[in-house]
Every structure is written in C-alpha cells, then in structure tokens.
Amino acid sequence: MTRSTHPPNPTDLVAGYVLNDLSPEESDRLNQALAETPTLHAEIASFTEAFSLLPYDVPIVEPSTHLKSKIFNAVTQSIGQPAPTRPQPPTAHVVSITSAPRRNWKRWYPAISTSIAAIALATIGLNQIQIRRQSQQTIALQQQVEATNTELTRLRSELQANQGTIALLSQSYTRAYSLIGVTSLPQNSRRAAARLFAKPGDRNVTLVAQALPKLPINQIYRLWAVATPSVAPMYCGQFRQDDSGTAQWVAPNAACTKNPSQLLITLDAPSDPITSAGPLVMRSSS
Amino acid sequence: MDSMPPPVNEQSTDLQIFLSIQAQQVKALDVLYDRYSKLVYSTAVQILNNIEEAEEVTQETFLRLWQRSEIYQPNRGSLSGFLITLTRSRSLDRLRSRSASQQKLQRIQILGECVSDYNPPIEFVAMQERSTLVREALKQLSSDDRQLLETAYYEGLSQSEIAKRDGIPLGTIKSRSRQALKKLRSALNHLV
C-alpha cells in the first residue's frame, strides 16, 4: 500500500469517509478528530450533500406513468390496512360501577360524567381518525385514477399505431430487451430508451423507442447482438423508426435473437460496411 | 393531540412536504413524486442501466419514505440528498448482487448520532437551477477528477478496485478522489 508522507488532515479524512475509502487507521483518526472538533460532523454532512448532488448532472430519463400508478396503488393498500391493534386500556373504572352496587351513586356522578365525556371524546377522536383515513384513501384513489387515466389515454393512442407490436407481445414466448442511450441528447439532456421484442431464434425484430432522434437520409441505426463478451458483435440489421418510435425489420441471422448477452445500437451510414460499427448509441444491460 | 400540517402544493418546501408525509397525507407524496421522481429514476438508470430495475428502485425509494418516514432526519441534510443517497445505495446493492464477487459496502461507523443541525440552502434553489449550478461546478474539475468521482458514485467501485482497473497506485487514487471531492464541495459551497 502506498503511504502518503504527510498524514491526511481532518478535511481529507472527511472526504475519504464520504468516498468510503478510509483505512481502519484513518477511521480511528477521524473518530478522534470528531471527538475533539464536533463541528466536523457538519463537514461530513456538507461533503455528503455535495457528493449526492452529482446526479443533477445525469441525463434525465422520464419514468413511465405506470410507475406512479403502481406506487400509489401500494400506498392505497397500506392506508386501507387496519391500524395496528393497541392493547385496550384497562376498563376497571367502568366495571367498578357495576360491581359495587351498594356504593353511594351520587358520590360517583362527577367521575361517571367525566368518564362518559372521555369516552365520547375518544369516540369522536376515533371517528375523526377514521374520516381522515377515509379521505386519505379517497385522495390516494383519485391519484391512482388520474395516473391510470393518463396511462389509458397513452395506451389507446399507442394501440392504434402498434397493432403489430401488440400481437407480438401477446405471444408469451416473446422476449423483451431494454436498451438505454449511452449519452444524453444535447437538445434536452435526456437519454433515449427503447424496448426490443423478438422471439428467441426468430428473425423478426420489433423495436419501440422513446426520445431516439429521427435520422436524416444519410444515416441509419444498426443493431448488433453480442453472444458472449469474447466474441465480436454480430450485425443484426438496420432501421429507422417511424413517428411513433417503432421499427420492425428482419434480422439477417436467427442467432441475433437467440439469447444474446447484450444488444447494441450504433449510428452508421447506410453504405457503411457491416464488418465494423459506427458510434454506439444505445445498449442493453449485459 | 396531533395537529395536522397544512395541505401542501407545488410551491411547498421540501420540509413542509416531508412533515405532511409524516402525517400520512397522500397529496404530499404526490407532490414529492412529481418533484423528484425524474431525478431518482434517472439516477437509478445511470447506475443500473436497466429500466425495469430502475423502476423497482424508484418505487422502493418513495414507498420506503412513505412507510418509514423516521428514516429521514430533516436536521441532517436535504430531502433531495436523502432520496438520491437512498436510490444510489439501493441501486448499488443490486449492481453488486449481479456479480459473484459481491462485496457489501461496509461503511466504517463514525461515532454515530452526533450531527448537529445541518440545513443546507439547496432546498431554496429551484430544480433547474440546481442542475445548472452542479454542471457549472463540475466544469471546474479536470475531466480525470470528474471521471474518478463519477466512477465512485455510479459504479460503486472501491478505491482499490479503481486503482486495480486503471493501473494507478491506490494512494494516488485516494488522494486524487479526495481532492476532487473537496474541489466539488468548494465549488458548490453556496448549495451545501
């Protein structure tokens, strides 16, 4: 291990802590520094905050509306569950009224009145909690309905444009691959996303893309399949998507869809040789 | 008797939204989701490179805050920072579980619960402006330093793994990463 000639100062140790790279020795030294200088805790919080800001620079990818509806569905279910039962408060004071008939009733009137008032208040409180829970459920259901309606509208419009894709999807043996753009689009800092559908070993390929730029006539996207990391990617056809983001084509080789470990999409010219690929545009997770 | 926080809207601060989430107001979760879901989801996509898993992590992140709101302490940092950190941690756990040589991130415990009030000004800066300020701050770093921080953040590689992969002595990697983070913090000092 390389040792630095100067021991790191407390701020270096704080940075190291946030980066999770402290050695046990450095950790001891930081603990000691924190004991001596409690304000260093605020330094840790500040460095942690700065590190957590990095994602503000990542290309934005829009989550589907379906995701929101899934989350609020789970929330609705959690609200709908009965509240955890609590141990009942002892009711001895109520029992004592019936179990001591010979006592002087008048002496107990104030206590009885207080108890009745307390019970009444508790009942009102319970009702309020129930009403609040019900209104929360209503709001959650409304959110869910709104999200579902938005999703329905989107799906209806897609239904018209993607009859072929839907037929393909209805076949249970169709596999779907997710692809993500490797860089963000300069115009809006977003990354393209796509799903590619194919039956294993079938040369028919369907791709549905979001935020994938439309290409001019002198450019085309090409699909490549990686069978194993040690083998060169195999050319699997080229495409341009239509206005709805969909493209369908026939791959030159059935091996393209035979359980590839990764799929790649590159940007090429239609006349480029298929022995080499242009810049990488999208890839699936390997 | 518990008092309900006032209803939230798109203009509410993160703290107001959080207090309403604590009171189990669904509308608050809705506002929070609209404010941060893209950032949370994009962070997960960046780390996982997989749409389905990124959706799962996004769902887990928001539901976790809803179901166990006590896991966030407003006096210890921003809500957005908390959400992003939770997203990163869950995404990296998934990333590591993909590889056989999985090593859990084992953070060395530092004294525990000693953080005094820390309320960074980031909450009062609009989302778009935050992105601009972070991009400007990152421009002040060399591309190598930036790459180092991004590798540590998104790939979850330890310093020794980065050193091994890039063929650079561990001491050099450590010192460069720390300097890079110090520079970033300094460039973002008006936010953190």
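**Close-up views of chain A**

**View 1. A buried pair of cysteines in a predicted model.** Both A:Cys236 and A:Cys256 are buried, and it should be kept in mind throughout these views that the model is predicted. The two residues form a disulfide in which the sulfur atoms lie 2.1 Å apart. A search of the whole structure, covering all chains, finds 1 disulfide. The pair links distant parts of the chain, since A:Cys236 belongs to strand 5 (residues 234–239) of chain A, while A:Cys256 sits in the loop between strand 6 (246–250) and strand 7 (262–268) of chain A, 20 residues apart. The link of A:Cys236 and A:Cys256 is left-handed, with -100° about the S-S bond.

**View 2. The open sheet of chain A.** Here 8 strands of chain A make up an open sheet with antiparallel pairing, and their order is 5-4-7-8-1-2-3-6. Strand 5 and strand 6 of chain A stand at the edges, where each has a single partner strand, so one side of each is left without a neighbour in the sheet. On average, and with direction ignored, neighbouring strands of this sheet are turned by 25° against each other. Strands of a sheet pair through backbone hydrogen bonds, and the pairing may be either parallel or antiparallel.

**View 3. Strand 1 beside strand 2.** Strand 1 (residues 175–184) and strand 2 (residues 191–198) of chain A run antiparallel and are joined by 7 bridges. One pair of residues to look for is A:Ser184 and its bridge partner A:Arg191, which lies in strand 2 of chain A.

**View 4. Strand 4, covered on both faces.** In strand 4 (residues 220–226) of chain A, 7 of the 7 residues are buried, so this strand is largely enclosed by the rest of the structure. In a regular strand the side chains alternate between the two faces of the sheet. For strand 4 of chain A, both faces are covered, with A:Ile220, A:Arg222, A:Trp224 and A:Val226 buried on one side, and A:Tyr221, A:Leu223 and A:Ala225 buried on the other.

**View 5. The partners of strand 4.** Strand 4 of chain A pairs with strand 7 of chain A in the antiparallel sense over 7 bridges, and A:Ala225 has A:Leu263, in strand 7 of chain A, as its bridge partner. Strand 4 of chain A is also joined to strand 5 of chain A by 4 bridges, the two strands running antiparallel.

Key:
Residues numbered from 1 in each chain as written. Chains lettered and ligands numbered in written order. Predicted model: local features only at pLDDT ≥ 70, side-chain atom pairs only at ≥ 80, totals over all residues. Heavy atoms only, no water. Disulfide = S-S within 2.5 Å. Buried < 20%, exposed > 50% of the residue type's maximum accessible area, 1.4 Å probe, protein only. Pairing = 2+ DSSP bridges. Axes fitted to C-alpha atoms, helices over the stretch in contact; angles between N-to-C directions.
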